[in-house]
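The sequence and model come before the details.

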Amino acid sequence: MSIWFTEELHPYYRKSLHVRRILADEQTEFQHLQVIETEYFGNALVLDGIIQLTEQDNMGYHEMIVHVPMLAVGAPRRVLIVGGGDGGSLRQVLRYPQVEQVVVCELDRRVVDLSRQYFPNFGDPWADPRATLLVRDAFGYLEENPGQFDVIISDTTDPIGMAERLFSDEFYRLMVRALAPGGAAATQCEQPYFDTALIKSIYQSACALSKNPAYYYAQIPTYPGGGIGFMYVSDTPWTNGLKTPYPPGGNEYLNPEVHRAAFALPEFFRKELYG
Ligand code: SPD
């Protein structure tokens, strides 16, 4: 008998992965956390019924959310990751030798613990002395740290329940305030086909807060619609990153052509966003 994990995004849209076995299934203090061994995509981290990453296709998400702002800034030394308890973004940030400190502000300690156990391909980025884990809400931390970070990465779940605040005007205002001059942020910013209105309102906030915001996109087959977008928020143009060499370690998804093309938007969405 075959077993399928189905993520239902809307009453009119769902997607399924073939399941081999359930490796972990628990209600944490904050959410329902599952790790599922799937047939083709390897282990998958699922929070409140929504796929966060799989071993097979997470590289597109993590390389794009991390390297686009990191490369644009050029030589970032202090980096903040909001969410990101699975360690996938942290691993990419630590590839930069010039990075001195990475703070990860993750609310749910169990995401860190179970990801360490079930995603050994990430290595153990937490063992790097440059990494600091803060198990706390990001709002207070951002408030306490104006002007501190060269790069901020908002690597969150979807804007549902407790994560909804991380897509608000207030969050973007605090995030930009926590950037050092010339710094850049990238945020998980949902799917053009399903979340047009939300992305538009976030883009408007980003325009009010920074000189060169832009939306970009990556293909991730296990996410709804086969991909996800990111909001780049900075006074520094993202195109600066096209001139910066990649950090050691080798990319699996990002190359110069993908980097440039990620900012090209389908016409219906380009018109919605940029008019
Ligand atoms: N619709 C799913 C979006 C998931 C975004 N979070 C991914 C976390 C990976 N570090």
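A salt bridge here is a side-chain nitrogen of Lys or Arg within 4 Å of a carboxyl oxygen of Asp or Glu. E26 and R110 form such a salt bridge, with 2.8 Å between the closest N and O atoms. The model is predicted: local features need pLDDT of at least 70, side-chain atom pairs count only at pLDDT 80 or more, and totals for chains, interfaces and linings use all residues. Numbering runs from 1 along each chain as its sequence is written, and side-chain values use heavy atoms, with hydrogens and water left out.

**Domains**
- The domain assignment, which is automatic or from a database, gives domain 1 (3–54) and domain 2 (58–274).
- Taken over C-alpha atoms, the centres of domain 1 and domain 2 are 22 Å apart.

**Contact and buried area**
- Domain 1 has 25 residues in contact (heavy atoms within 4.5 Å) with 23 residues of domain 2.
- About 2100 Å² is buried between domain 1 and domain 2, with 69% of it on carbon and sulfur atoms; buried area is the accessible area (1.4 Å probe) lost by two parts on being put together, summed over both.
- F30, Q52 and L53 lose the most area in domain 1 to domain 2, together 25% of what that side buries.

- The rule finds one salt bridge across the interface of domain 1 and domain 2.

**Make-up of the domain 1 side**
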